[in-house]
Amino acid sequence: MTDPKDREQQADVTRRLLYFLNAPLVEYCRLRGVLPAPGAVRVAIRAGDDENARDFLYEIPHDTVTPYYVPGLLRAVLTGPQLYSSSDVDEVMGMTLIRLRPEEIPPGPEPLQGRALTVALALSGPGDDEDPFLIGFLMHGDGLLRLYVQRTDRPGIIGADIRLTETPATALIASLASLVEEEQYRQPAPDDPHCDLLVDLTNW
C-alpha cells in the first residue's frame, strides 16, 4: 500500500472498527480483523454461533465510501439477503471473500450505542487527560444522551441532554463548551444527583 490516502483511510477504518471487538456488529456476527488490500479494506467477520460459524472477508474499495459509513454498510450486508456475482466471490486464507459494491447497498442504521460512542469519542480525545471536559454520560429516555461535563474555569458539573441522531451532531459537539454556558438552555436538576444543573440541547 503506497498511496498515502489509502493508508489514511485504512487506518481510519481500523480505528472505527476496533470498538466492535467487544460486541457483535449485528447478532451472531463478530469482527475478526481488518486487513489491507490494494485500493481496498477487507473486513473479516465470523458469522453464526460457535458450532456453525463461517468466516467471511468483505472487501470495500477505498474510493466508494468514507470510513464513517463502513460499519453501517457492514450492518446492511449482514442483516439482509444479498446477491453476489461469481466474479465478486473468492477464497482467501480459508475465508469466503466477497467484493462489495457499496454504491448498490444502502447502509444499515447505526444503533443508539454507536451514535453515543461517536459523540463520546469526539468529546474525549487523548489530549484531554489532564484537562477533561467530558467526565461521564448516560443514555436515557427516547434516544437521549446526557453528557456530564465540567469546565475547568467554573465550579460544578453540568448535565447536557442531546438527541442522538442518525449522523454525528458535528456542529453541536463543536459548540458544546459554549452552549452549556448559555442561560437560555439551563435549568435545575432536581432528579439527577450527579450534576448541579441541566442544559437541554435536544432541540438545538
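Predicted model: local features only at pLDDT ≥ 70, side-chain atom pairs only at ≥ 80, totals over all residues.
1. Overall make-up. The protein contains 4 helices and 10 strands. Read from the N terminus, the elements follow the order α-β-β-β-α-β-β-α-β-β-β-α-β-β. The C-alpha trace spans about 60 × 40 × 30 Å along its principal axes.

2. Burial and surface. Of the 204 residues in the protein, 41% are buried. Among contacts with a separation of 6 or more, 46% are between residues 24 or more positions apart.

3. The open sheet. Five strands make up an open sheet with mixed pairing, in the order S6-S7-S8-S10-S9. Strand S6 (134-140) and strand S9 (186-188) are the edge strands, each pairing on one side only. From one strand to the next, the twist averages 30 degrees.

4. S9 and strand S10 (residues 197-200) run antiparallel and are joined by 3 bridges. Here Gln187 stands opposite Leu198 in S10.

5. Helix packing. Helix H3 (residues 112-123) packs on this sheet and touches S6, strand S7 (144-149) and strand S8 (158-163). The direction of H3 makes about 165 degrees with that of S6.

6. Nonpolar surface patch. Leu18, Tyr19, Leu21, Leu117 and Leu121 together form a nonpolar patch on the surface, with about 430 Å² of accessible area. Leu21 lies in the loop between helix H1 (4-18) and strand S1 (29-37).

How values were computed:
Residues numbered from 1 in each chain as written. Heavy atoms only, no water. Patch = residues over 30% accessible without salt bridge, like charges linked within 9 Å, V, L, I, M, F, W, Y side chains within 5 Å. Areas by Shrake-Rupley, 256 points an atom, 1.4 Å probe, with all protein chains shown as cover. Salt bridge = Lys/Arg side-chain N within 4 Å of Asp/Glu carboxyl O. Helix = DSSP H or I, 4+ residues; strand = E, 2+ residues; numbered from the N terminus. Pairing = 2+ DSSP bridges. Axes fitted to C-alpha atoms, helices over the stretch in contact; angles between N-to-C directions. Contact = heavy atoms within 4.5 Å. Buried < 20%, exposed > 50% of the residue type's maximum accessible area, 1.4 Å probe, protein only.
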